[in-house]
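Subject: Structure for your review

Dear colleague,

Please find below the structure that I am handing over to you. My notes on what was found in it follow directly after it.

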Amino acid sequence: MTARCTVALEIAPDADKAILDADAALLARAVENLLHNAACHNPGPVQVQLSAVRTGKTLRITIADDGAGFPPAVLHALQTGEAGENTPHILGLHVVEQIIRAHGGTAAFARNAPRGAKAVLVLPVTEDPAAR
């Protein structure tokens with residue numbers, strides 16, 4: 001992955017203090033699935049931007065790349081839940097959705113502008129016990 005993919009990480013100051021009621025291994029798996037897709041489903045070198053921002057009571061993690069992007073059939077299946085006989089293999093993306101939903105969040109997949117793929121994971125932030 002390192003020869004074909006570079007990853008830039010941007011974590012907002014308030015995001016690194018966010019407390020999630022979550023299984024760290026499962027969340028890591030979701031992010032790993034998305035990074036793996038960026039590295040493996042693009043024909044050439046790809047730049048990935050992983051960012052985390054806290055907005056109120058949510059943490060938004062965005063993983064965007066400048067590769068080929070999700071094929072239209074993949075986006076259609078993810079956004080509608082409809083899979084046709086020619087729908088590409090998207091099990092890894094469904095796993096991401098399931099992990100994020102199990103943690104009370106949402107996962108959205110789209111084209112990145114001007115090119116590439118983008119996944120936005122939104123997770124609820126647990127109230128900080130020290131703030132009471």
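Helix α3 lies across β4 and β5 and runs at about 145° to β4. Here contact means heavy atoms within 4.5 Å, and angles run from 0 to 180 degrees between N-to-C directions, with axes fitted to C-alpha atoms, for helices over the stretch in contact. Helices (H or I, at least four residues) and strands (E, at least two) are DSSP runs, numbered from the N terminus.

Please note that this is a predicted model, in which local features need pLDDT of at least 70 and side-chain atom pairs count only at pLDDT 80 or more, while totals for chains, interfaces and linings use all residues. Residues are numbered from 1 along each chain as its sequence is written, and side-chain values use heavy atoms, with hydrogens and water left out.

The sheet

Five strands form an open sheet in the order β1-β2-β3-β5-β4, with mixed pairing. Since β1 and β4 stand at the edges with a single partner strand each, one side of each is left without a neighbour in the sheet. On average, neighbouring strands of this sheet are turned by 15° against each other, direction ignored. Two strands count as paired if DSSP finds at least two bridges between them.

Strand β3 pairs with β2 in the antiparallel sense over eight bridges, and with β5, also in the antiparallel sense, over seven bridges. Residue I61 has A52 as a bridge partner and L121 in β5 as another, while R60 stands opposite V122 in β5. The hairpin formed by β2 and β3 has two residues between the strands, and G56 in the turn has a positive phi of about 60°. Six of the eight residues of β3 are buried, where buried means under 20% relative accessible area, exposed over 50% and partly exposed in between (1.4 Å probe, protein chains only).

D23 caps the N-terminal end of α1, with a side-chain oxygen 2.9 Å from the backbone nitrogen of A25. Among the buried residues of α1 are L27, V31, L34 and L35, and what covers the buried residues of this helix includes β1, β2, β3, α3, β4 and β5.

The largest nonpolar core has 35 residues, of which L34, I61, I63, L93 and F109 touch the most other members. Such a core is a set of buried Ala, Val, Leu, Ile, Met, Phe, Trp, Tyr and Cys residues joined through side-chain atoms within 4.5 Å. Its largest share, seven residues, comes from α1. Not counting residues up to four places away in sequence, I63 touches V31, L34, L35, V48, Q49, L50, A117, K118 and A119.

The loop between β4 and β5

This loop holds P114, and the peptide bond from A113 to P114 is cis, with omega near 5°. Most residues other than glycine have a negative phi, and most peptide bonds are trans. N112 is placed in the loop between β4 and β5 as well. Why does N112 count as buried? Its relative accessibility is 19%. The side chain of N112 reaches the backbone oxygen of D65 at 3.0 Å.

Yours sincerely

Note on methods:
Polar contact = N/O pair within 3.5 Å; in protein donor to acceptor, adjacent residues only side chain to side chain.
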